[in-house]
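Here are my notes for someone opening this one for the first time. Have the model on screen and follow the points in order.

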Amino acid sequence: MNNKVSNYYNPKRFKQKPNDVVFTPLKLAKMMIELCDIQPTDKVLDPSKGKGVFYNNLPECNKSWCEITEDVDFFTLTDCRHYDLIIGNPPYSMWNDWITHTIKLNPKRFCYIWGTCNLTPKRLSVIRNAGYIITNFHLCKVDWWFSPSFIVLFEKGNEEDSVVSFTAKAFFCDICGKGGEGKKKCGRGRTRIVDGVKKKYGMNECPDVV
Ligand SMILES: C[S@@+](CC[C@H](N)C(=O)[O-])C[C@H]1O[C@@H](n2cnc3c(N)ncnc32)[C@H](O)[C@@H]1O
């Protein structure tokens, strides 16, 4: 395995964020592993091993791991190693890059734990555009984690076989129609200065109503 490190863990340029090192409860990791129905011939990667709760509990298979604190950086795996499965709990502060790199490696399947706020339509669109569909979707809660979590198994397939559908674009205000990437958003639920005075609008109160 390549031992070079990327800027994500260049000690001079990068500080590991505390929320990136969150360990998965053993029972949850085992449940995820079971959900993936790993076969002895499968080539499986745990891309962010931590203490090894996934890696150490994988059933018989051709397994490998990455872990930045042991100088094995996921982002330096550049060859498409034809993984049958990538499974784990990635560092949360780099979801976009993590997804991009996962897709680049072109695994048949990948299964990650997502905080409910992290599983956005935009990220799902990126994954869908790379030809993956969701074939298993499991909601759970780890007592001490910030939000409930989704366990999501993606695999190559046809959109109509996905067990989850989603709308990629946000819904905009019925009244002002504002929104969209980089555009001004509707002022609902926000504070605005009106005639020099701060006014907080309610969620059902569009400030641009005429
Ligand atoms: C959310 S923790 C999960 C650890 C372990 N998989 C678990 O579930 O208990 C994410 C792990 O990813 C590691 N990590 C962060 N950046 C990484 C990178 N570029 N390559 C490999 N591992 C990385 C962190 O050090 C941390 O151990």
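1. Some ground rules before the tour. Two strands pair if DSSP finds at least two bridges between them. Helices (H or I, at least four residues) and strands (E, at least two) are DSSP runs, numbered from the N terminus. What you are looking at is a predicted model, where local features need pLDDT of at least 70 and side-chain atom pairs count only at pLDDT 80 or more, while totals for chains, interfaces and linings use all residues. Residue numbers start from 1 along each chain as its sequence is written.

2. Strand β4 (residues 109–115) and strand β6 (residues 149–156) run antiparallel and are joined by seven bridges. Look for Ile113 in this pair: Ile151 in β6 stands opposite. As background, strands of a sheet pair through backbone hydrogen bonds, either parallel or antiparallel.

3. Now zoom out. Six strands make an open sheet in the order β2-β1-β3-β4-β6-β5, and the pairing is mixed. At the edges sit β2 (62–65) and β5 (132–140), each pairing on one side only. From one strand to the next the twist averages 20° (axes are lines fitted to C-alpha atoms, for helices over the stretch in contact, and angles run from 0 to 180 degrees between N-to-C directions).

4. Which residues stand out in the largest nonpolar core? That core has 32 residues, and Ile33, Cys36, Phe54, Leu85, Ile87, Cys111 and Val152 touch the most other members. A nonpolar core here is a set of buried Ala, Val, Leu, Ile, Met, Phe, Trp, Tyr and Cys residues joined through C-beta atoms within 7 Å. Buried means that 20 or more other C-beta atoms lie within 10 Å of the residue's own; exposed means 12 or fewer, partly exposed is in between, and C-beta atoms are placed from the backbone. At least two core residues come from each of α1 (26–35), β1 (43–46), β3 (85–88), β4, β5 and β6, with β4 giving the most, five residues. In the protein as a whole, buried residues make up 23% of the 210 residues.

5. Leaving aside neighbours within four places in sequence, Ile33 is in contact with Ile38, Phe54, Asn57, Leu58 and Ile87; in contact means that the C-beta atoms, placed from the backbone, lie within 7 Å. Across the protein, 60% of the contacts with a separation of 6 or more are between residues 24 or more positions apart.

6. There is a ligand to look at too. It is surrounded by 24 residues, and the closest are Thr24, Ser48, Gly50, Phe74 and Asn89 (a residue is near a molecule if its C-beta atom, placed from the backbone, lies within 6 Å of it). By class, this shell holds 13 nonpolar, six polar and five charged residues. For these classes, Ala, Val, Leu, Ile, Met, Phe, Trp, Tyr, Cys and Pro count as nonpolar, Asp, Glu, Lys and Arg as charged, and the others, Gly among them, as polar.

7. Next, the hairpin. Strands β7 (residues 191–194) and β8 (residues 197–200) run antiparallel with four bridges between them, and Arg192 stands opposite Lys199 in β8. Two residues lie between the strands, and Asp195 in the turn has a positive phi of about 50°.

8. Most residues other than glycine have a negative phi, and most peptide bonds are trans. Asn106 is not a glycine, yet has a positive phi of about 55°. You'll find Asn106 in the loop between α2 (95–104) and β4, and Asn106 counts as partly exposed because there are 13 C-beta neighbours inside 10 Å.

9. Val142 lies between β5 and β6 and is in contact with Pro25, Leu28 and Ser149, neighbours within four places in sequence left aside. Val142 and Pro25 are 117 residues apart in sequence, but 7.9 Å apart in space, C-alpha to C-alpha. Thr78 is in the loop between β2 and β3, and the C-alpha atoms of Thr78 and Leu105 are 7.0 Å apart. Is Thr78 buried or exposed? Thr78 is exposed, since 10 other C-beta atoms lie within 10 Å.

Note on methods:
Two residues are in contact if their C-beta atoms, placed from the backbone, lie within 7 Å.
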